[in-house]
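Hi,

Here is the structure I said I would pass on. Have a look at it first, and then read my notes below.

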Amino acid sequence: MKLKNPPVNLLSLELLTEFVISLEKLENDKDVRGVVITSDCPGIFSAGVDLTEMCGRTPAHYAEYWKALQELWLHLYLSSLVLVAAINGTSPAGGCLVALTCDHRVMADNPKYRIGLNETQLGIVAPFWLKDMLVNTIGHRATERALQLGLLFPPVEALQVGMVDQVVPEDQVQASALSAAARWMAIPDHARQLTKDVMRKPTAERLLRQREAYIQNFVDFISRAPMQKALQLYLEKLKQRKA
Amino acid sequence: MKLKNPPVNLLSLELLTEFVISLEKLENDKDVRGVVITSDCPGIFSAGVDLTEMCGRTPAHYAEYWKALQELWLHLYLSSLVLVAAINGTSPAGGCLVALTCDHRVMADNPKYRIGLNETQLGIVAPFWLKDMLVNTIGHRATERALQLGLLFPPVEALQVGMVDQVVPEDQVQASALSAAARWMAIPDHARQLTKDVMRKPTAERLLRQREAYIQNFVDFISRAPMQKALQLYLEKLKQRKA
Amino acid sequence: MKLKNPPVNLLSLELLTEFVISLEKLENDKDVRGVVITSDCPGIFSAGVDLTEMCGRTPAHYAEYWKALQELWLHLYLSSLVLVAAINGTSPAGGCLVALTCDHRVMADNPKYRIGLNETQLGIVAPFWLKDMLVNTIGHRATERALQLGLLFPPVEALQVGMVDQVVPEDQVQASALSAAARWMAIPDHARQLTKDVMRKPTAERLLRQREAYIQNFVDFISRAPMQKALQLYLEKLKQRKA
């Protein structure tokens, strides 16, 4: 499965919706037992959430967007498929979110690439369910540092802290991801899926228990005037940088 | 304490029951403050649960067996004694369970030996309380991998991932286990026991809260026709391999 | 902020109270965004709780003291400030507690210094909230060992197990702590504080939910005759050692 929303694979509302639909199709296709998620955009796995969806819109739009992001997370994190991330480019925030949901992560050994949850650097805050997934992956203390400092790790450091499982030369990312997928698919599906559920359901259920309340929290947080102003400034800076 | 159910120390219903009785005796013996658990069967610490107890029997038998396994786990994991595992042979599934309940694990440096929870490889699933204990021991992410892939670790890898605490030459396993026990017994019993409780009670209580329901879940799971068929095939293959 | 209660910075009731008041002042001072906590006593960061506050007093005094210790912990652990520990000396038990609440820990590379929760060595037990914070810092398994054995780690081992983040030459402790603080303060306060809350609130809330009951538990535990006798003996031994 190739993420394709040039130039940087922003997780727009449209992409989130299509992503979930594609996943559901694959889940229901009996010939498909595993999926490699990678990027079609050179040098970028995914630049993460689309800030234009959170800026200058209606509260109803913010709620719709946030619900769609949660929906994608729930589908990926609890997928009955074997999911392997072939991280062939930089992967901040929402891009890192997608990678962390996978069963195995292979990253290209390109010292320019970065991966991490850098929300605080932009003045925003990762939601608790994303924090929970990072704690599950790299532990509580490493999460405290990574999340509060908004750290973006180069590949070798990402491997050391446990954010990815393998770092390989850039031209071997896809092949390595495929052979990792084969290894996971060698396990009887039923036993592997039940075990994945035992591991991940409690984390997902913390969100599911009060999902609507958490969406409302986000809408309140993002709608505030200073937050909107900060996002506007940031988006304008981005535009100027490109120009 | 030597496990003795030749040839491979299967955790039969009888052994589970005797194991718990022996533990209770030791707990009540004021002269005993620590126990080293090891195997009397060359090359095998314990081959784990006895699948013949889960195959072709009545639901009542499955319930009795599963309750006895939980009982052993609860006694070992919450034991007020210092428990040290002297792992002098391969230790899959239920054998690994016994080792993981101990306060300290010493494994023989024999590259043929393996330790791990390989349930998924047999098409079955480790119960959540066994998963919880593994998470407590090696962390969440390493558990996701080890449990879903049903990994059996050779001694050096078991040490790296944290599944054992020490790897020593085979002829020094017992001596190393004894000196580890001595180190733990140097701590005032009362303070050590209360601290062990603070560490482990919350994990045990997740099982205790709904123990009957979890036994029933297991009985339903194991009684299903496809599961029974899979176990039968596996047991027949084992018989042929021996013949 | 320099701890100053010579000769060994015992956390007396008076020091606990003053510590909390100073923290509240700093929290309310808009010019202060980060604090380095260090010791004014050569070779000792803090020797921990003052056992004379727990020995030969009234139950009401034990309750007051324990509440004050919890209060300090809650203030430090949930502080909206960036807190960095400059550990310029040995730091057992309550001293380690103070260090563990910080966002970053720098320890002097002096092989005579030690850090850890050695309560069991004295026949007492670390409370569950202190255990929870240690689990958050070094993981569950390392906590089982460290807490039950009452381990005091020299600097290099403290770094390996994750109890401190940096070990530097003794004359660079303050400078390293300041530059770590600067790094944390480079993050927008609001996002960093909310993220810290997401990480730490659930741990603090386990105490807050039943705080009075936990204080009463402690009073019952410490008031028992054998416990009082053990403390008395220990304090007499300490006196003799000094004389």
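Let me start with the contact between chain B and chain C: chain B puts 20 residues into it and chain C puts in 18. Bear in mind throughout that this is a predicted model. About 1800 Å² is buried between chain B and chain C, with carbon and sulfur atoms giving 62% of that area. If you want to know where to look on the chain B side, go to B:Trp184, B:Thr195 and B:Met199, which supply 33% of the area that chain B buries against chain C, more than any other three residues.

On the charged side of things, the count between chain B and chain C is two salt bridges. One of them pairs B:Arg200 with C:Glu144, and the closest N and O atoms there are 2.8 Å apart. Five residue pairs are in polar contact across the interface of chain B and chain C, both partners being at pLDDT 80 or more.

Which elements of chain B give two or more residues to the side that touches chain C? They are strand 8 (104–108), helix 4 (128–138), helix 7 (173–185) and helix 8 (189–208). Helix 8 of chain B gives the most to that side, with nine residues. Sorted by class, the residues of the side of chain B that touches chain C come out as eight nonpolar, five polar and seven charged.

Now the contact between chain A and chain B. Here chain A gives 20 residues and chain B gives 18. The two chains bury about 1800 Å² between them, and 62% of this lies on carbon and sulfur atoms. A:Trp184, A:Thr195 and A:Met199 are the residues of chain A that lose the most area to chain B, and together they make up 33% of what that side buries.

Between chain A and chain B the salt bridge count is two. A:Asp165 forms a salt bridge with B:Arg141, where the closest N and O atoms are 2.9 Å apart. The polar contacts across the interface of chain A and chain B come to five residue pairs, with both residues at pLDDT 80 or more. On the side of chain A that touches chain B, strand 8 (104–108), helix 4 (128–138), helix 7 (173–185) and helix 8 (189–208) of chain A each give two or more residues. The largest share, nine residues, comes from helix 8 of chain A. By class, this side of chain A has eight nonpolar, five polar and seven charged residues.

So how are the copies arranged? Chain A goes onto chain B by a rotation of 120° with 0.0 Å of shift along the axis, and the RMSD is 0.0 Å. The two copies are therefore related as by a three-fold rotation axis. Within chain A, the C-alpha nearest that axis belongs to A:Gly139, at 4.3 Å from it.

Next, a closer look at helix 4 of chain C. Is this helix mostly buried or exposed? Of its 11 residues (128–138), 10 are buried, so helix 4 of chain C is largely enclosed by the rest of the structure. Among the buried ones are C:Phe128, C:Trp129, C:Asp132, C:Asn136 and C:Ile138.

Leaving out residues up to four places away in sequence, C:Lys131 touches B:Val198 and B:Met199, along with C:Thr143 and C:Leu147. B:Met199 is also one of the three residues that supply 33% of the area chain B buries against chain C.

Lastly, a spot in chain A: A:Val35 is in strand 3 (residues 34–39). A:Val35 is buried, at 6% relative accessible area. What does A:Val35 touch, not counting residues up to four places away in sequence? The list is A:Met1, A:Leu26, A:Leu81, A:Val82, A:Leu83 and A:Val84. A:Val35 and A:Val82 lie 47 residues apart in sequence, with their C-alpha atoms 6.1 Å apart in space.

Cheers

How values were computed: Residues numbered from 1 in each chain as written. Chains lettered and ligands numbered in written order. Predicted model: local features only at pLDDT ≥ 70, side-chain atom pairs only at ≥ 80, totals over all residues. Heavy atoms only, no water. Least-squares fit on C-alpha atoms with pLDDT ≥ 70 in both. Contact = heavy atoms within 4.5 Å. Buried area = accessible area lost by both parts, 1.4 Å probe. Salt bridge = Lys/Arg side-chain N within 4 Å of Asp/Glu carboxyl O. Polar contact = N/O pair within 3.5 Å; in protein donor to acceptor, adjacent residues only side chain to side chain. Helix = DSSP H or I, 4+ residues; strand = E, 2+ residues; numbered from the N terminus. Nonpolar A, V, L, I, M, F, W, Y, C, P; charged D, E, K, R; others polar. Buried < 20%, exposed > 50% of the residue type's maximum accessible area, 1.4 Å probe, protein only.
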